[in-house]
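User: I would like to go through the labels given to this model and see what each one rests on. Please set each value against its cut-off.

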Amino acid sequence: MNLLLAEDDALLADALSAQLHRAGFEVEHAPNGAVAEYLLLKQKFDVVILDLGLPLVDGLTVLKRARAAQCLTPVLVLTALDGLDDRVAGLNAGADDYLTKPFDFPELEARLHALMRRGRPQAPASATMGQLTFDRAARRASVRGATLELSPREWLLLDLLLTEQDRVVGKQRITQAWAQDGGDAGGGSIEVYIHRLRRKLEHSGLSIRTVRGLGYLLENESSVA
């Protein structure tokens with residue numbers, strides 16, 4: 001999950017970056033509004049944390065310019081400005097959420113995930129990749145017409161990897177997907193389920209690559225040969 005942190009307070013930015021990294025985010029830091037605007041318009045992010053009191057270009061201007069340029073990335077404004085007029089101005093400028101300082105990190109993290117869920121396109125009812133056919137509606141997966149017997153956790157893991165097939169899926173994201181599904185999905189570590197799923201996908205033309213320190217990536221073997 002790629003996140004842009006636009007914050008000019010170096011101590012807060014360092015502390016927040018460390019917490020976000022532990023939560024599974026890859027953080028790009030912008031120390032001022034000019035850098036924030038450039039990165040927001042040139043790179044792709046899953047979500048943005050934007051301080052309004054940025055030097056060079058203020059956060060409200062960055063937000064307005066980004067929205068005018070059709071940038072739809074979810075933006076959470078994180079600022080010490082807690083007046084009603086400030087909140088209204090931020091939301092009217094295009095912010096998706098508004099959180100004031102001081103704040104509790106668990107709330108910030110929860111708000112970020114909520115923004116990304118709302119901004120993420122709905123997964124199609126079915127998907128095909130390599131020799132794998134994945135039918136979400138029927139909850140059925142098959143390789144070359146042969147049904148794959150998948151446990152609840154294997155199903156959720158494969159669903160997540162397919163949905164994010166062009167992105168690395170971190171362990172935190174996998175754990176959250178399992179937790180949100182609820183129920184007794186069985187024990188075992190993520191590595192155990194990755195190993196099981198790799199074996200079941202052996203003849204699908206797909207492989208699950210481990211990206212050290214980041215997570216897992218589902219790839220079409222023909223594209224990486």
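User: Why does Asp51 count as buried?

Analyst: The model is predicted, and the accessibility is computed from it. Asp51 has 5% relative accessibility. Buried means under 20%, so Asp51 counts as buried.

User: What makes the contact of Lys101 with Asp51 a salt bridge?

Analyst: The closest N and O atoms of Lys101 and Asp51 are 3.8 Å apart. The cut-off is within 4 Å, between a side-chain nitrogen of Lys or Arg and a carboxyl oxygen of Asp or Glu, so the pair counts as a salt bridge. The pair links distant parts of the chain, 50 residues apart. Lys101 lies in the loop between strand 5 (97-100) and helix 5 (105-119), and Asp51 in the loop between strand 3 (47-50) and helix 3 (59-68). Lys101 and Asp51 also belong to a network of salt bridges with Glu7.

User: Which label does Lys101 get for its accessibility, and why?

Analyst: Lys101 is at 22% relative accessibility.

User: How many salt bridges does the structure hold, and what makes Asp97 with Arg111 one of them?

Analyst: The structure holds ten. For Asp97 and Arg111 the closest N and O atoms are 2.7 Å apart, which is within 4 Å, so the pair meets the definition. Asp97 counts as buried at 14% relative accessibility, while Arg111 is partly exposed with a relative accessible area of 24%.

User: What separates Glu107 and Arg111 along helix 5?

Analyst: Glu107 and Arg111 are four residues apart in helix 5, about one helical turn. An α-helix has 3.6 residues a turn, so residues three or four places apart point the same way. Glu107 forms a salt bridge with Arg111, with the closest N and O atoms 2.9 Å apart. Glu107 counts as partly exposed at 34% relative accessibility.

User: Why is helix 6 called largely enclosed?

Analyst: Ten of the twelve residues of helix 6 are buried, so the helix is largely enclosed by the rest of the structure. Among the buried residues are Trp155, Leu156 and Asp159. Helix 6 covers residues 152-163 and reaches 16 Å from its first C-alpha to its last, close to the 16 Å expected at 1.5 Å a residue.

User: How do you know that helix 6 and helix 8 are roughly perpendicular?

Analyst: The axes of helix 6 and helix 8 (residues 190-200) cross at roughly 75 degrees. Angles of 65 to 115 degrees count as roughly perpendicular, and the two helices are therefore given that label. Their axes come within 10 Å. Residues of helix 6 that meet helix 8 include Leu157 and Leu161, and those on the helix 8 side include Tyr193 and Leu197.

User: What makes strand 2 and strand 5 edge strands?

Analyst: Five strands form an open sheet in the order 2-1-3-4-5, with parallel pairing. Strand 2 (26-30) and strand 5 each have a single partner strand, so one side of each is left without a neighbour in the sheet. Neighbouring strands are turned by 20 degrees against each other on average, direction ignored.

User: How do you know that strand 3 and strand 4 pair?

Analyst: Pairing needs at least two bridges, and three join strand 3 to strand 4 (residues 75-79), so the two strands count as paired. In strand 4, Leu76 is the bridge partner of Ile49.

Technical notes: Residues numbered from 1 in each chain as written. Predicted model: local features only at pLDDT ≥ 70, side-chain atom pairs only at ≥ 80, totals over all residues. Heavy atoms only, no water. Buried < 20%, exposed > 50% of the residue type's maximum accessible area, 1.4 Å probe, protein only. Expected span 1.5 Å × (residues − 1). Axes fitted to C-alpha atoms, helices over the stretch in contact; angles between N-to-C directions. Parallel < 35°, antiparallel > 145°, perpendicular 65-115°, else oblique. Contact = heavy atoms within 4.5 Å.
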